[in-house]
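I opened this structure for a first look and kept short notes. The entries are in the order in which I looked things up.

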Amino acid sequence: MPHTFKVMVLILILHTVAQVIQIRHDDITADEEDHLIYGVAIWKGDPSRRVEGRDFRSTMPVTLIHALPRVIEQLLQPGKKKTDWGKGDIKAGRYMNLVFTLGLLVHVFLFAREIFGPLAALFSLAIAAADPNVLAHGHLVTTDMAATFFCVATLYHFFQWLQLKQRMSFYLFSLSIALAQVAKVNSLLLYPICVVILLMVAIQQKSYGFRRSLTFLLSFIFIQLLVINLAFQFDQTGFLPDKTAFQSSFMQGLFNRFNISLPSPLPLPYVDTFDQIYFEMESRDGLPLNYLMGQLSKEGFWNYFIICMGIKTPVATLAVMLAGILMIFLQARYKPKPVVFLFVPALFIFWFISSAAVQNGYRYALPVLALGIISTGAMVNQLIKLQRGWLLICLSLVMVLVETGTVRNGFIPFTNWLVPDKKNAWLWLADSNLNWEQNHNRLKDYLQKHPDLIYNPASPVKGKIAVHVNELAGIWHPGKYQWLSNGYTPVGQLWQCYILYDTR
């Protein structure tokens with residue numbers, strides 16, 4: 001298709017414009033400051049996890065990309081001091097995150113084109129570019145979009161290598177999965193996923209000889225160790241696990257059980273990432289409770305991401321993804337590639353995040369969304385064969401654009417048409433699904449203009465009240481606002497982040 005590339009570029013440009021608007025609109029979210037400061041620390045040569053006053057437990061070296069504008073500015077103007085508390089640096093870092101977002105969209109297109117063809121690829125790209133969750137997280141100074149990009153890139157280049165047997169595809173796959181490890185801890189799951197895919201492919205194809213397989217394996221291990229060590233600057237590589245004071249009982253038990261006394265080939269801050277996260281889950285230090293449909297839990301909910309994706313993904317996107325998955329299984333006997341490279345990884349990731357003890361946002365499901373959107377290509381290929389197929393394809397795309405286009409005041413709290421009354425969205429979900437502090441400054445301005453409005457009252461009061469949705473849900477202080485939620489009906493909402501009541 002001669003104009004495919006032009007259409008792809010146009011979609012990417014339109015998406016970038018929408019992201020730039022969001023960068024200028026959204027206030028700084030709760031996690032962005034720590035991510036940026038850790039990126040700055042990496043540039044300064046300090047990848048340590050344990051810094052007093054900072055939450056560096058799950059930050060990753062990939063954030064050095066976000067800190068690059070600040071580094072360049074400091075080199076050009078040594079000694080420059082700022083008084084905006086880092087807000088300008090975070091805004092500049094958001095533009096850098098578009099590298100990962102656009103990289104993800106390009107790989108969605110490439111993956112869909114390889115499996116389903118160019119027309120299906122353009123449809124998948126358009127759906128992904130118009131998705132409110134991609135728009136919400138595509139510009140934030142966090143690790144979510146980078147991890148999603150490297151996840152899809154890993155699977156795409158793995159597909160390329162196994163299908164085409166090209167050495168370059170192998171190196172791109174190895175590099176992508178290594179970079180995924182320094183983007184988000186959940187990316188560790190990519191290793192067993194790729195092993196399962198390799199075994200499934202080996203059943204269908206002749207495998208390499210032992211010598212060649214060993215060469216690839218050694219090269220793969222070398223790339224993983226090199227990238228992870230470079231990212232963490234070889235900080236305390238070779239430390240002795242049995243001589244290291246880990247905080248979590250999980251890590252302590254792991255090394256004691258296996259009596260590991262050999263020098264570690266990995267840097268201490270990387271291993272310490274898992275220790276810090278397990279300690280956080282064990283102690284619940286700094287963690288909100290998981291919330292779903294009025295229920296609170298420390299362990300998480302098995303159906304959390306089913307509900308989460310069900311009400312935070314555009315209805316038309318859900319429909320075409322389910323149709324695509326159905327087509328994939330109907331054709332699995334003759335076309336196994338989508339099952340192996342799309343459905344299996346998505347199922348693994350979905351199972352992992354659904355069984356995790358920390359469930360505080362759709363952002364953890366972004367890789368599942370991306371793979372699901374690629375799967376829509378199977379539906380497109382079938383619709384093209386129908387007499388009115390083009391009409392259905394265009395209608396589904398228009399529905400996604402309309403649902404996304406009706407969003408006002410930012411995409412983070414987006415809920416689809418299944419939640420018509422947005423002031424009741426908090427009855428389903430909370431946390432970063434709705435309020436990640438992206439309207440904090442707007443609330444301050446609103447309260448100044450409405451001095452009679454009582455914000456987050458400490459105890460039952462009479463009057464006009466505004467309450468943070470996360471306080472109302474009780475993820476930080478369970479039961480604090482039951483007197484309000486049980487005794488009164490909301491009269492309005494502000495940007496889906498704050499619920500209004502009148503208790504007079």
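**Ground rules.** I am working with a predicted model, in which local features need pLDDT of at least 70 and side-chain atom pairs count only at pLDDT 80 or more, while totals for chains, interfaces and linings use all residues. I count residues from 1 along each chain as its sequence is written, and side-chain values use heavy atoms, with hydrogens and water left out.

**Cysteines.** I looked for disulfides, meaning a pair of cysteine sulfur atoms within 2.5 Å, and the structure holds zero. For C151 the nearest cysteine sulfur is that of C194, 8.7 Å away. I noted C151 as buried, at 4% relative accessibility; buried means under 20% relative accessible area, exposed over 50% and partly exposed in between, with a 1.4 Å probe and protein chains only. C497 is in no disulfide either, and the nearest cysteine sulfur to it, that of C308, is 15 Å away. C497 is buried as well, at 0%.

**Helices α4 and α7.** Helices (H or I, at least four residues) and strands (E, at least two) are DSSP runs numbered from the N terminus. I looked up how α4 (residues 87–116) packs on α7 (residues 144–164), and found an angle of about 30 degrees with the axes 9 Å apart. The axes are lines fitted to C-alpha atoms, for helices over the stretch in contact, and angles run from 0 to 180 degrees between N-to-C directions. The two helices are therefore roughly parallel; that label is for angles under 35 degrees, with over 145 roughly antiparallel, 65 to 115 roughly perpendicular and the rest oblique. The crossing of α4 over α7 is left-handed, which is to say that the near helix is turned anticlockwise from the far one by less than a right angle, clockwise being right-handed. Contact (heavy atoms within 4.5 Å) involves residues including F100, L104 and F111 of α4 and F149, V152 and Y156 of α7. By class I recorded 15 nonpolar, seven polar and one charged residues. Ala, Val, Leu, Ile, Met, Phe, Trp, Tyr, Cys and Pro count as nonpolar, Asp, Glu, Lys and Arg as charged, and the others, Gly among them, as polar.

**Helices α5 and α16.** How are α5 and α16 set to each other? They are oblique, with α5 (residues 118–129) and α16 (residues 366–384) at about 135 degrees and their axes 8 Å apart. α5 passes α16 in a right-handed crossing. Among the residues that meet are L119, F123 and I127 in α5 and I373, G377 and V380 in α16. This contact has ten nonpolar, four polar and no charged residues.

**Positive phi.** Most residues other than glycine have a negative phi. I found M293 with a positive phi of about 50 degrees, in the loop between β1 (290–292) and β2 (295–297). M293 is partly exposed, at 35%. N409 has a positive phi of about 65 degrees and sits in the loop between α17 (389–405) and α18 (440–449). N409 is partly exposed too, at 29%.

S174 is in helix α8 (residues 167–181) and is buried, at 0%. Not counting residues up to four places away in sequence, S174 touches F220, I223 and Q224. A136 lies in helix α6 (residues 132–137) and is buried at 2%. Under the sequence limit of four places, A136 is in contact with F411 and I412.
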